[in-house]
Amino acid sequence: MKNNLKKPYNPQKIEKKWQNFWNKNNTFKAQDFSKKKKFYCLDMFPYPSGEGLHVGHFRGYTFSDIIAKKRLMEGYNVLHPIGWDAFGLPAENFAIKTGINPAVSTKKAIKNIKNQLFLAGFGYDWDREIATCLPDYYKWTQWMFLKLYKAGLAYKKKAPVNFCSSCKTVLAREQVINGRCERCNTQVEKKFLEQWFFKITSYADRLLDDLDLIDWPEKIKTMQKNWIGRSEGIEIIFEIDFFDSRFNLPVFTTRADTLFGCTYLVLAPEHPLVESLIKGKKNSSFPLGKSTIENKKEIEKYIEKAKSKTEIERLAEEKEKTGVEVKGIKAINPVNNKEIPVFIADYVLPEYGTGAIMAVPAHDQRDFLFANKYGLEIIETIKPINETSVFPFEEDGILTNSGVFNGMDSSKARKEIANYLIKRNLAKESVYYKIRDWLISRQRYWGAPIPIIYCQKCGELPVKEKDLPVLLPKIKDFKPTGKGKGPLAKVKSFVEVNCPKCNSLAQRETDTMDTFVCSSWYFLRYADPVNSKEFASKKKIKHWLPVDFYIGGAEHAVMHLLYSRFFTKVLKDLKLIDFDEPFLKLFNQGTVYRQGVKMSKSKGNVVTPAYIFEQFGADTMRLYEIFMGPADQATEWSDKGVVGCYRFLNKVWKLREKVKSKNNQKPNQQLHKTIKKVTEDIEHFRFNTALSALMILINQMEKEKEPALSDYQLVIKLLAPMAPHISEEIWQSLGNKQSIFLEEWPSYDEKIIKEEKVILIIQINGKVRDKIEVEAGISKTDAEKKALAREKIKKWTEKNKIKKIIFIPDKLINIVV
């Protein structure tokens with residue numbers, strides 16, 4: 001054994017050996033129905049980009065791998081799978097750029113990234129590998145679409161949509177960032193198209209309320225809460241006076257306390273009343289008389305202009321507010337019977353509330369700017385407490401100019417005014433949401449075809465389940481058209497099909513599904529990835545799900561993470577699964593920067609894993625991924641830091657030569673402290689400080705003449721999840737037969753780590769005046785005696801009366817005089 005110990009550290013040779021060993025021996029293969037406690041550890045699966053992954057991508061994968069390997073050593077049955085989010089814009093755009101069919105380029109990209117992950121030593125169960133672009137996967141994506149369709153949760157309608165002229169497809173609201181496409185940064189346009197939607201709004205309350213059931217970062221929960229945007233308030237009835245007719249207009253508000261300050265109403269350009277007024281149409285809601293509005297052409301011109309604006313443009317705070325008064329119509333404020341004008345303005349959206357707002361310019365920024373522009377009355381109804389009024393004042397305060405409600409605080413007035421109106425049938429309690437239904441249609445080629453058929457005789461029909469999957473045909477011209485139809489519309493052999501009901505000639509839907517549909521259920525497929533009869537057996541789902549630990553980027557907060565929760569709740573309601581939430585615990589890793597900007601190929605600042613593997617080995621890369629900073633914070637890549645981690649591994653390797661064969665007879669206190677710290681730090685994702693503790697311990701052991709074998713072995717076990725290859729090699733060279741990951745995780749002895757002596761800080765009135773070394777566990781009485789006997793303390797206590805003494809065991813004593 002001694003001869004093997006003196007060989008130099010050769011990571012490339014060692015790592016290849018152990019990667020093959022793990023693969024051959026199924027070291028990280030999960031066992032269905034094992035009696036061990038299960039642990040499902042999952043990474044957000046990657047897009048198979050042609051460029052492959054860079055070291056920034058590897059950060060999250062490294063963290064999850066450490067957690068999974070530690071759990072394995074703790075005796076858990078660990079499921080740690082991987083797959084490919086293979087459909088969608090990233091893969092298709094790369095294919096368009098290179099001229100290679102996405103089926104070919106995606107397959108090549110998967111092979112490349114799979115090799116990268118394999119070389120990094122990540123402990124995935126490769127037998128469960130999935131790819132969303134394969135028919136045996138998207139068959140079940142289509143099957144789930146049909147389940148939602150039959151449950152009334154999938155529907156098609158003509159709607160204003162966000163359209164990216166570069167990607168030549170519609171985008172979900174969540175995929176538009178500051179008015180631009182989140183994929184290519186092109187300014188988004190507005191179009192009116194027939195599109196497919198999932199009715200996620202039906203689950204708004206549950207999606208909001210169940211956030212309390214999961215252990216997720218608060219920032220992600222807050223983002224979802226804001227996106228869902230539940231507002232509780234009242235619908236107030238404003239009477240509309242229109243020449244020879246009168247009718248009611250409901251207006252939603254959360255601030256009934258400001259009603260006396262309402263000086264005008266605003267309708268969204270799309271509000272049904274606007275259409276009725278322009279076209280003179282009567283309906284049950286708005287029984288118009290024979291009269292018409294005075295400025296019909298002006299209003300029509302304004303509405304046409306508003307149609308071209310995106311939602312982002314309409315809501316932008318910095319944009320000048322525009323609108324047009326509806327002349328010949330007035331509203332009646334129900335609390336003071338005051339006549340007020342009615343405007344149409346595009347800063348009001350039809351989808352939120354009733355599509356009409358009561359404008360209170362003294363207490364709302366947008367209303368204030370609008371009122372100033374059009375010379376409208378501004379009435380203060382809320383005064384700040386002990387402050388001078390500055391308009392617009394949007395906080396709570398004390399009511400003024402509000403009749404019998406004057407002097408009330410805002411919170412009380414909201415309830416009192418609401419009750420006043422409700423009792424008179426002038427209002428009702430109501431709840432509205434900001435969230436919209438999920439737009440899933442894409443006019444692109446590379447996606448799962450939507451399983452719907454259109455027949456002139458029978459209408460819109462779902463594809464029969466037995467006919468799934470609807471296969472995506474292989475075509476040469478897969479470029480998007482940008483004309484409202486996807487490339488599949490040009491493929492006659494795909495489009496033409498017999499009607500499943502009457503057998504006459506019919507046509508298939510030519511849109512494909514948003515790739516987020518594919519990723520909204522993939523975590524379920526890992527439980528049973530080769531099942532051809534169902535998306536996964538209930539028995540296996542019950543064994544493995546829900547996911548215990550999920551890791552990925554915070555950028556998916558209101559897309560993938562929200563959609564996955566929606567899908568889970570739908571499947572629960574359909575009695576296909578028995579849990580409400582997909583991911584019990586979530587962790588978001590921090591972004592990696594280099595040269596001051598986020599690591600990206602477009603920025604020219606990418607470091608490839610291959611370079612690190614070749615120069616220093618995968619274990620060095622893994623260590624630096626965790627050492628460069630707190631796991632949940634952004635951090636800067638440093639080549640010098642990589643070298644430092646490589647030197648540390650060489651130090652661990654060389655330490656073998658000093659190790660003596662017999663075990664240490666005297667317990668190593670520093671070792672037990674390190675075991676405790678590493679164990680706890682990994683659990684709390686403090687990977688950098690866990691590694692620092694190991695570095696300190698190795699430095700200490702280096703100074704020892706002959707470190708004990710038993711101590712060294714425990715150190716290698718602690719290192720194993722972080723640097724698996726070198727740990728396996730050392731473990732074997734020390735005479736151990738089985739993989740180190742089949743060994744038990746080290747435990748520490750509380751008695752050993754307990755300090756015999758501690759430094760007790762002595763304070764006078766909260767200020768440090770002295771320090772004293774005392775026995776650990778010293779009592780308050782003894783601590784007081786020792787502190788009061790100190791000469792530095794006597795000068796404070798002899799002339800002053802002691803009021804009280806605060807004692808924190810083994811930390812400090814504070815004497816208050």
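Reader: How many disulfides does the structure hold?

Author: The structure holds zero disulfides, a disulfide being a pair of cysteine sulfur atoms within 2.5 Å. This is a predicted model, in which local features need pLDDT of at least 70 and side-chain atom pairs count only at pLDDT 80 or more, while totals for chains, interfaces and linings use all residues. Residues are numbered from 1 along each chain as its sequence is written, and side-chain values use heavy atoms, with hydrogens and water left out.

Reader: Is cysteine 184 buried or partly exposed?

Author: Cysteine 184 is partly exposed, at a relative accessible area of 31%. Buried means under 20% relative accessible area, exposed means over 50%, and partly exposed is in between, with a 1.4 Å probe and protein chains only.

Reader: And cysteine 262, buried or exposed?

Author: Buried, with 2% relative accessibility.

Reader: Changing topic. How many salt bridges are there?

Author: There are 55 salt bridges in the structure. A salt bridge is a side-chain nitrogen of Lys or Arg within 4 Å of a carboxyl oxygen of Asp or Glu.

Reader: Why would side chains pair at all?

Author: Side chains of opposite charge can pair when their charged atoms come close.

Reader: OK, which residue forms a salt bridge with arginine 255?

Author: Aspartate 257 does, and the closest N and O atoms are 2.8 Å apart. Aspartate 257 is buried at 0% relative accessibility, and arginine 255 also counts as buried, at 19%.

Reader: What about arginine 414 and aspartate 257?

Author: They form a salt bridge too, with the closest N and O atoms 3.3 Å apart. Arginine 414 lies in helix α13 (residues 410-423) and aspartate 257 in the loop between β11 (245-253) and β12 (264-267), so this pair ties together parts that are 157 residues apart in sequence. Helices (H or I, at least four residues) and strands (E, at least two) are DSSP runs, numbered from the N terminus. Arginine 414 is partly exposed, at 22% relative accessibility.

Reader: Where do aspartate 528 and lysine 540 lie?

Author: Their side chains meet in a salt bridge, at 3.3 Å from N to O. Aspartate 528 is in the loop between α16 (522-525) and α17 (538-544), and lysine 540 is in helix α17, so the pair ties together parts 12 residues apart in sequence.

Reader: Which residues are linked with them in a network of salt bridges?

Author: Asp32, Asp125 and Arg128 are linked with Asp528 and Lys540 in that network.
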